[in-house]
Amino acid sequence: MTKRLFAIISFCFATLCLSFAQESPTPTVSPTPEQTASTSPTRNVRLSFVPPPMEGTISLGIFDANGKLVRVLDREAKIDSFEVDADSLNTTWDGKNDAGEDFPPGKYRARGYLVAEMKAEDVGKAAAPPPADSPDHISVKLVTNPLVSDTRSVVDLGVGFDAKGSFVKTMDGLPLRSVSEKPNLVRIFITKKTDKAAEVWQDDGSGFEQFRVPNIDKMMAFDCGDFELK
């Protein structure tokens, strides 16, 4: 973490502690010249947030009024990939989904997680498949974020896969941490080994391969708040 970013976090933490206020910065909509000069305006929503005081990467999602994930805005992003302001990190959303389609005007919310290092260890071919009654998720206790008033203390985690490989995700679909880069997977499971570690079982059609994911509990939630998409 850079000295400048550490100073930002330290300043914000001290300010919030002194004021006993734990409010997330309110996102603002920043109009662009295209919005006044074009009949098909470019909609850029500026999102600002104080980074949780922990080393790691950031996954940030856009959610609609029903709490459904509609856009993965950042996935395992390094903190220095964001625009750094005097007291926050900033990014923008163009009002589109991952396929480049416009979303209708309305209220949306941006929230995410800072996830510490949890590099998966390849244990090798599993001697047996995961238990038949394995749940589709595990519950993990979050590290409390002292900078915000978010009281979420537990998150339900599952696993998914795409063309790039497998990953740990929230149950509403936000990818948090890559597990492997193995392609052509057909099924995947997660089980809890301890309060601080999980096991991922993935199958490419030739049998299950097993991964151990340590530090599964080392993550903090943050919330950018609600905003209006015009």
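**Close-up 1. F49 is a buried residue, with a relative accessibility of 1%.** Buried here means under 20% relative accessible area, exposed over 50% and partly exposed in between, with a 1.4 Å probe and protein chains only. F222 is likewise buried, its relative accessible area being 1%. The model is predicted: local features need pLDDT of at least 70 and side-chain atom pairs pLDDT 80 or more, while totals for chains, interfaces and linings use all residues. Residues are numbered from 1 along each chain as its sequence is written, and side-chain values use heavy atoms, without hydrogens and water.

**Close-up 2. Eight aromatic pairs are counted in the model, and F49 with F222 is a stacked one.** Rings of Phe, Tyr and Trp (its six-membered ring) pair if their centres lie within 6.5 Å; planes under 30 degrees apart count as stacked, over 60 as edge-to-face and the rest as tilted. The centres of F49 and F222 are 4.6 Å apart, with 15° between the planes. Because F49 belongs to strand β2 (residues 45–49) and F222 to strand β16 (residues 219–229), this pair ties together parts 173 residues apart in sequence. Strands (E, at least two residues) are DSSP runs, numbered from the N terminus.

**Close-up 3. W93 and F227 form an edge-to-face pair, because their planes stand at 75° with ring centres 6.0 Å apart.** W93 lies in strand β6 (residues 89–93) and F227 in strand β16, so parts 134 residues apart in sequence are tied together. Both W93 and F227 are buried. Together with F103 and Y108, they form one aromatic cluster.

Notes
Helix = DSSP H or I, 4+ residues; strand = E, 2+ residues; numbered from the N terminus.
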